[in-house]
Amino acid sequence: MKSLGIDGEIEDILITLQNQYHIIYMVPGQTLFLYLVLAKDKANLAMARYKLKALGKDITIA
């Protein structure tokens, strides 16, 4: 991103397979991520990303 001159932070990474979505969500302010695998034919990708973001807000490391 730096070499391309892109500002901002990575929110998530999406990997698409023939029958699956894999989402790697970087938890803001933490050094951890959430990894979710979804069946393409049953999943709502937008809703999954929304829910991961909501879950990430509730996670803290003590």
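This is a predicted model: local features need pLDDT of at least 70, side-chain atom pairs count only at pLDDT 80 or more; totals for chains, interfaces and linings use all residues.
**Stop 1: Leu34.** Select Leu34, which is found in strand E3, residues 33-39. Then display the residues around Leu34. Leaving aside residues up to four places away in sequence, Leu34 touches Ile23, Ile24, Tyr25, Val27, Leu52, Leu55, Gly56 and Ile59.

**Stop 2: strand E2.** Next select residues 20-26, which make up strand E2. How many of the 7 residues of E2 are buried? The count is 5, and E2 is thus described as mostly covered. E2 has pairing partners in both E1 and E3. With E3, the pairing is antiparallel and runs over 7 bridges. With E1, E2 also pairs in the antiparallel sense, over 5 bridges.

**Stop 3: His22.** Within strand E2, pick His22. Is His22 buried or exposed? His22 is buried, as its relative accessible area is 11%. Its side chain makes a polar contact, at 2.9 Å, with the side chain of Gln20. Beyond four places in sequence, His22 touches Ile13, Leu14, Ile15, Leu17, Tyr35, Leu36 and Val37. One of these, Val37, is the bridge partner of His22 in E3.

**Stop 4: the two hairpins.** Follow the chain between the strands. E1 and E2 form a hairpin in which 3 residues lie between them. The hairpin of E2 and E3 has 6 residues between the strands, and there Gly29 takes a positive phi near 75°.

**Stop 5: Asp12 and Arg49.** Now select Asp12, whose bridge partner in E2 is Tyr25. Asp12 also forms a salt bridge with Arg49, and the closest N and O atoms are 2.8 Å apart. The pair ties together parts that are 37 residues apart in sequence, because Asp12 lies in strand E1 (residues 12-16) and Arg49 in helix H1 (residues 45-58). The model has 1 salt bridge by the rule applied. Arg49 is classed as partly exposed because its relative accessible area is 38%, which lies between the limits of 20% and 50%.

**Stop 6: Ile13.** Move along to Ile13, which also has its place in strand E1. The bridge partner of Ile13 in E2 is Ile24, a residue that Leu34 touches as well. Ile13 is partly exposed, with a relative accessible area of 36%.

**Stop 7: the nonpolar patch.** Finally, show the surface and select Met1, Leu4, Ile6, Ile10, Ile13, Ile15, Leu17, Met26, Phe33, Tyr35 and Val37. Together these residues form a nonpolar patch with about 1000 Å² of accessible area. Which elements give two or more residues to the patch? They are E1 and E3. The most comes from E3, which gives 3 residues.

Terms used. Residues are numbered from 1 along each chain as its sequence is written. Side-chain values use heavy atoms; hydrogens and water are left out. Helices (H or I, at least four residues) and strands (E, at least two) are DSSP runs, numbered from the N terminus. Contact means heavy atoms within 4.5 Å. A salt bridge is a side-chain nitrogen of Lys or Arg within 4 Å of a carboxyl oxygen of Asp or Glu. Buried means under 20% relative accessible area, exposed over 50%, partly exposed in between (1.4 Å probe, protein chains only). Patches are made of residues with over 30% relative accessible area and no salt bridge: like charges are joined within 9 Å, nonpolar side chains (Val, Leu, Ile, Met, Phe, Trp, Tyr) within 5 Å. Accessible areas come from the Shrake-Rupley method with a 1.4 Å probe; for residues, only the protein chains shown count as cover. Two strands pair if DSSP finds at least two bridges between them. A polar contact is a pair of N or O atoms within 3.5 Å; within protein, one must be able to donate a hydrogen and the other to accept it, and residues adjacent in sequence count only if both atoms are side-chain atoms.
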